[in-house]
Amino acid sequence: MSETAAVDKLISARWVLPMTNDGTVLDNHSIAITSNRITDICPTETARQKYQAQETLDLGNQLLMPGLINAHGHAAMTLLRGLGNDLPLMEWLEDHIWPAEGRFVDEEFVSDGTQLAIAEMLRTGTTCFSDMYFFPETVAETAQNHGIRVQACFPVLDFPTNWGSGPEDYFQKGLALHDRVRNSNLVTIAFGPHAPYTNSDEPLKRTATLAEQVDLPIQIHLHETAGEVQDSIQNHGLRPTRRLAELGLMSPRTQCVHMTQVDEHDLNLLKETGAHVLHCPEANMKLASGACPIQMLMDAGVNVALGTDGAASNNNLDMFGEMQSAALLGKLSSMDAGAAKAIDILRMATINGACAMGIDDRVGSLEPGKQADIIAVDLGDILAQPVYDPVPHLVYNTNGRQVTHSWVAGEPRLIQGELQRMDLHGLRERVQRWQIAINEADQH
């Protein structure tokens, strides 16, 4: 009898969806984990003979898959969830969101709001998120403390905010943060110029130069509405994508958020530069901003990832709900039932997000050598029966509450639906205090 190899964990389930290549689902397989990495994925019977694990977990009629990657959001804005509903984008921003941010956003607000977002994301299957908001140092620290992976995009705008005095201050603070966390396993930093209409040419050119020098991604809101595109043509004589390209800001490190307006020239630019598109269907629908033509982009070879945007415009951070919305909107907007296939939507929520952030060598799929960012989804509930094919089932029939377990870099973050590193009672009390104060200010 051959000797068994020692591993830290052996997790078994009815299905394993590695999200590699063709999207094959593995039946009755196990994942072996040593330290923070996946050691092996093999049939459960083989795994029992091959490995001696310190911890074994048999999840029965569940599915193991990569943790979901929320490629765009504003975590602290979860404290503004439900503020100013049923309003168009600019009225919502100018009359409700920006006044609330101007009055309340500080390190405490960002800490509490980010904790609330992390609780929701871990509870619903997200193990990695990208955040674009003020006080990114606080976002990074909060994510690190709660053991979730984050890409913290530091904001760049022409004007002063609660976080800084202007572009040069933002650059200095953001690059200093990058220096502090460069050895973190969970935190990466990106430039976050808010949008073409909140940045003049010089800060955008400087962003492109610095990002190339330090090899960091750039995330920017782009082509969110038709009005934004028309204003750019009127003010600059160029569509926003062309303006950014001429300023050197369109490249394989660029993450373009929203892109609801895409013409042939935009498509060619995305293809030529290798820029990524981050699709936020629910926020775009709620604010009536438009629909990103994801099938056209995918057909052209553009990498499309998925994000929720902030809970203020969504109003939740459940990536399973976002996947369903992306699939249905993708079919309706293209008038093609064969568009936005379930497996493509799952890629958008996993490996494509990792590719956009430049961390696909670490996460986004379940493969030996990659870090063990894994979630378990219960497909055994009576509301989920029958299961003919787990792949479309995950997109069309599943919600985040069916997530039972999650691991980030091999460490448990959710066990049997219970968060492992968060004081929810204290968090609820702090959130309630914020709600009372924000609501009172919004009424005046």
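How much area is buried between domain 1 and domain 2? I will come to that in a moment. What you see above is a predicted model.

First, the division of the chain. The domain assignment gives domain 1 as two stretches, 5-66 and 365-419, and domain 2 as residues 68-357. Between the centres of domain 1 and domain 2, taken over C-alpha atoms, there are 29 Å. The contact involves 33 residues from domain 1 and 28 residues from domain 2.

There is also a record to mention. UniProt, in an unreviewed entry, lists residues 64-411 under "domain: Amidohydrolase-related". Over residues 64-411, the chain is 43% helix and 16% strand.

Now back to the opening question. The size of an interface is often given as the accessible area lost when the parts come together. For domain 1 and domain 2 the buried area is about 2,400 Å², and carbon and sulfur atoms give 64% of it. On the domain 1 side, the residues that lose the most area to domain 2 are Met19, Val395 and Tyr396. Together they make up 26% of what that side buries.

Next, the polar part. Between domain 1 and domain 2 there are 10 residue pairs in polar contact. Which elements of domain 1 supply at least two residues each to the side that touches domain 2? They are strand E5 (62-66), strand E14 (374-378), helix H15 (390-396), strand E15 (403-408) and strand E16 (411-415). Helix H15 gives the largest share of that side, five residues. Sorted by class, the side of domain 1 that touches domain 2 has 17 nonpolar, 11 polar and five charged residues.

Last, salt bridges. How many are found in the whole structure? The search finds 17. Asp373 and Arg149 form a salt bridge through their side chains, at 2.8 Å from N to O. Between domain 1 and domain 2 the count is one salt bridge. As for where the partners sit, Asp373 is in the loop between helix H14 (351-357) and strand E14, while Arg149 is in strand E8, residues 149-156. The two are 224 residues apart, and the pair links distant parts of the chain.

Note on methods:
Residues numbered from 1 in each chain as written. Predicted model: local features only at pLDDT ≥ 70, side-chain atom pairs only at ≥ 80, totals over all residues. Heavy atoms only, no water. UniProt positions renumbered as here; feature names shortened; annotations may be inferred. Helix = DSSP H or I, 4+ residues; strand = E, 2+ residues; numbered from the N terminus. Domains from an automatic or database assignment. Contact = heavy atoms within 4.5 Å. Buried area = accessible area lost by both parts, 1.4 Å probe. Salt bridge = Lys/Arg side-chain N within 4 Å of Asp/Glu carboxyl O. Polar contact = N/O pair within 3.5 Å; in protein donor to acceptor, adjacent residues only side chain to side chain. Nonpolar A, V, L, I, M, F, W, Y, C, P; charged D, E, K, R; others polar.
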